[in-house]
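Please read them with the structure open.

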Amino acid sequence: MYGLRKDIDLSFLNGRQVEQVAIGVYQIQFGFDEDVRISTYMQFDYFDGRVEWIWKPEPGAAQIAARTVALLGATIESLQRHEDGTLKLIFSNRQHLTIFDSSQEYESYDITLPGRTIVV
Amino acid sequence: MLTEPIKSQMRAEFDPAIHLLQLAAERERRHGSYVQNNPLKSTDPTGHCTVDGEAPGWLWCKGHSLGFTETKKETAAREKNEAEVREFLREHPEYLRNAMLMAVTLGTAMAIEAGGMGSGADGDSTVTPEENAAIEAGAAGGAGAARTIINGVPQPAAEGEIVVGPNGTAVRIPAGYVAAPAESGSGIVYRPAGSTGDANSIRIMGPNATQPVRVIIYISSGQPIVPSSGRTGTAAETHTPLTR
């Protein structure tokens, strides 16, 4: 909805380790060390090294979200970002997570860390 | 998920403003009344519907599902609720005075949305006549004491407060909450002092071209909830408009 402005610093994501995947009906949360958390609401693509899976908050999506537990313990090695709000996280296990800002009406995801809330 | 005892406690805490909250609940109920309150199992191949014994055309039904049209019964209920709200605010001007914080908050959220946080100019230009009236009512009532401003955002009272949006939706900011701007131009986050993440936070989103100012309430799991039910829901269900 809001995109991702260039001046928003996301360097804190580098090196963060996935410590938790919380699966809800309408939201998936990825918890990292250092109290960093990404909550997704609209759409993300998860590449498990062989297949790309698409999660949206719709029936049956929890099974797709469940596949992302393979990210537990992996760390973010690099990231790619775009002003349209797309954020691609590349993990140490060669898996990828691409989160999209795919809604014009509602926030697509948010990133929180101590003292900051970034809403996209 | 909120348990019934907690919800009961919240109702008790909200009690003075319960009539205001009923307005939001009524809107939620109407949104679900299309296809007999069971949109997952019921379908509407013809676009027609029957609500409160009325069966107008498909356009009316579509409008009803979106909250634009209402039955005579719903009109009567809404007018009764609104009359109760007006009466309640007349008897309890302190809640109307709290609208001053809401007006300041809305102005700040809009200024942040416009990328002009702190300038005040953008926010001032978007204050509606109703918000101006609320500000004047607040000033007249002696609620004009200066608020602490941190990072351009007015802080809620330390003991907490109930604020009422221009459309009658009430939001309770609990005791011990602080306010901070959300990055990406998306309004204000109210959260327990010292906390991080979305858990137990309340976020007021700035408006955009198609959406008004909205509020989202998150529970301890960090998931947004539908205010009228306390359950998680879709984005459309968990975003409550604060302005018309």
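1. A term first: two strands count as paired if DSSP finds at least two bridges between them. The model is predicted, and the points below should be read with that in mind.

2. Strand β9 of chain A, residues 109-113, is joined to β10(A) by four bridges, and the two run antiparallel. Within this pair, A:Leu113 sits opposite A:Arg116 of β10(A).

3. Both strands belong to an open sheet of five strands in chain A, ordered β1-β2-β3-β9-β10, with antiparallel pairing. Which strands form the edges? They are β1 (18-23) and β10 (116-119) of chain A, each of which pairs on one side only. On average, neighbouring strands of this sheet are turned by 15° against each other, direction ignored.

4. Chain A also has a hairpin formed by β4(A) and β5(A), with four residues between the two strands. Strand β4 covers residues 44-47 and strand β5 residues 52-55; they pair in the antiparallel sense over four bridges. A:Phe44 stands opposite A:Trp55 in β5(A). In the turn, A:Gly49 has a positive phi of about 105°.

5. How many residues of chain B are in contact with chain A? There are 18, and they contact 27 residues of chain A. The side of chain B that touches chain A consists, by class, of 13 polar, three nonpolar and two charged residues.

Note on methods
Residues numbered from 1 in each chain as written. Chains lettered and ligands numbered in written order. Predicted model: local features only at pLDDT ≥ 70, side-chain atom pairs only at ≥ 80, totals over all residues. Contact = placed C-beta atoms within 7 Å. Nonpolar A, V, L, I, M, F, W, Y, C, P; charged D, E, K, R; others polar. Axes fitted to C-alpha atoms, helices over the stretch in contact; angles between N-to-C directions.
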